[in-house]
Amino acid sequence: MKLNRRKRRGFEDTSASSDIAFLLIIYFIVIAGFNVNKGFLINLPAKDSTRLILKDDLLRFELDRSGILLFRGEAMDHSTAEREIRNAVASRPNLAVILTVDGSAPWQQVVSFVELAQRLEVESFSFTMKNPEGGST
Amino acid sequence: MKLRRERKKFIVPMNSMSDVAFLLLVFIMLLSLINYRREVKIDYPEAAAAKRTSAEKNLEIWVDKAGAVYLDGLPSDLGAIEIAITDIYQDAPDTRVHVIADRDTSFRDVNRVLQTLQLLQYRVVSFVVKDE
């Protein structure tokens, strides 16, 4: 009986599949790179949640309608605010930083302050919108 | 005398297969790039210390300069976003919501989106920025 031996394939037959594999890898790398977003991860508090904080542990900042940062009613730049928060955290570990934002303030200024709070590792940080009447939401 | 003609063997040129595959891939890549992600033209806010916030499943809420809201690149409103988030949360609770707002958008408009998320008890969100 004559057995049919299977012929071994030559190198030239498999060269195309390696090309395809290579191109597929490039394709997946390229599409995986598109959906990357960078930013800040925030835990929003529950609606109407309340937390008791000592008055002395509060550090209040405000952002006015043009995005100027205010502290105790006076304009302050971010580096001074950073110094202020650093000093406050050093003396009061339970410090809570609150930012009251005017509704018309540009988003960039809010993001910059969020970045500052995250960089300084302020454990308790919140921001609220100022009502037109002067209160907060 | 009858001469036997030698038949030519039919050969498929395998070398050109890689070219065909390559062209097909280029074609598929271009097609998928066209429809891959709908982006709203906004000016991203900038921050130096931004971290990578992408999860496997993302839901992108865009807020443009005028305060118009888009869901995954398509014009939408807060009601539709509420429904979409409820549906997505039921299917995949680990979906992360990315808030992408223009740097000049009023905080009021972003706050409306945040309030909707809070109302739905969807608490982990990321504020998307561009590296400075």
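## A tour of chains A and B

In chain A, residues 24 or more positions apart account for 70% of the contacts with a separation of 6 or more, a contact being a pair with heavy atoms within 4.5 Å. This is a predicted model, in which local features need pLDDT of at least 70 and side-chain atom pairs count only at pLDDT 80 or more, while totals for chains, interfaces and linings use all residues. Residues are numbered from 1 along each chain as its sequence is written, chains are lettered from A and ligands numbered from 1 in the order in which they are written, and side-chain values use heavy atoms, with hydrogens and water left out.

**Select chain A.** Of the 137 residues of chain A, 35% count as buried, where buried means under 20% relative accessible area, exposed over 50%, and partly exposed in between (1.4 Å probe, protein chains only). Then show the side chains of Glu82(A), Arg86(A) and Arg119(A), which are linked in a network of salt bridges, each such bridge being a side-chain nitrogen of Lys or Arg within 4 Å of a carboxyl oxygen of Asp or Glu.

**Select chain B.** Here there are three helices and seven strands, in the order α-β-β-β-β-β-α-β-α-β from the N terminus. Chain B has 132 residues, of which 39% count as buried, and among its contacts between residues at least 6 apart in sequence, 74% join residues at least 24 apart.

**Select Glu46(B), with Arg103(B) and Lys130(B).** The side chain of Glu46(B) meets that of Arg103(B) in a salt bridge (3.9 Å, N to O); Arg103(B) sits in the loop between E6 and H3 of chain B and Glu46(B) in strand E1, 57 residues apart. Glu46(B) also forms a salt bridge with Lys130(B) (3.7 Å, N to O), and because Lys130(B) lies in strand E7 of chain B and Glu46(B) in strand E1, this pair ties together parts that are 84 residues apart in sequence.

**Move to helix H3 of chain B.** Arg112(B) forms a salt bridge with Asp109(B), the closest N and O atoms being 3.2 Å apart, and both lie in this helix, three residues apart, about one turn. Asp109(B) is buried at 11% relative accessible area, whereas Arg112(B) is partly exposed at 36%.

**Select the residues where the chains touch.** The contact takes 51 residues from chain B and 38 residues from chain A. In chain B, Phe107(B), Gln118(B) and Phe127(B) lose the most area to chain A, together 18% of what that side buries. The area buried between the chains is about 4,200 Å², of which carbon and sulfur atoms give 61%; buried area is the accessible area (1.4 Å probe) that two parts lose on being put together, summed over both. Which polar links remain to be displayed across this boundary? There are 15 residue pairs in polar contact between chain B and chain A, both residues at pLDDT 80 or more, a polar contact being a pair of N or O atoms within 3.5 Å, where, within protein, one must be able to donate a hydrogen and the other to accept it, and residues adjacent in sequence count only if both atoms are side-chain atoms. The count of salt bridges between the two chains is zero.

Definitions and conventions
Helices (H or I, at least four residues) and strands (E, at least two) are DSSP runs, numbered from the N terminus.
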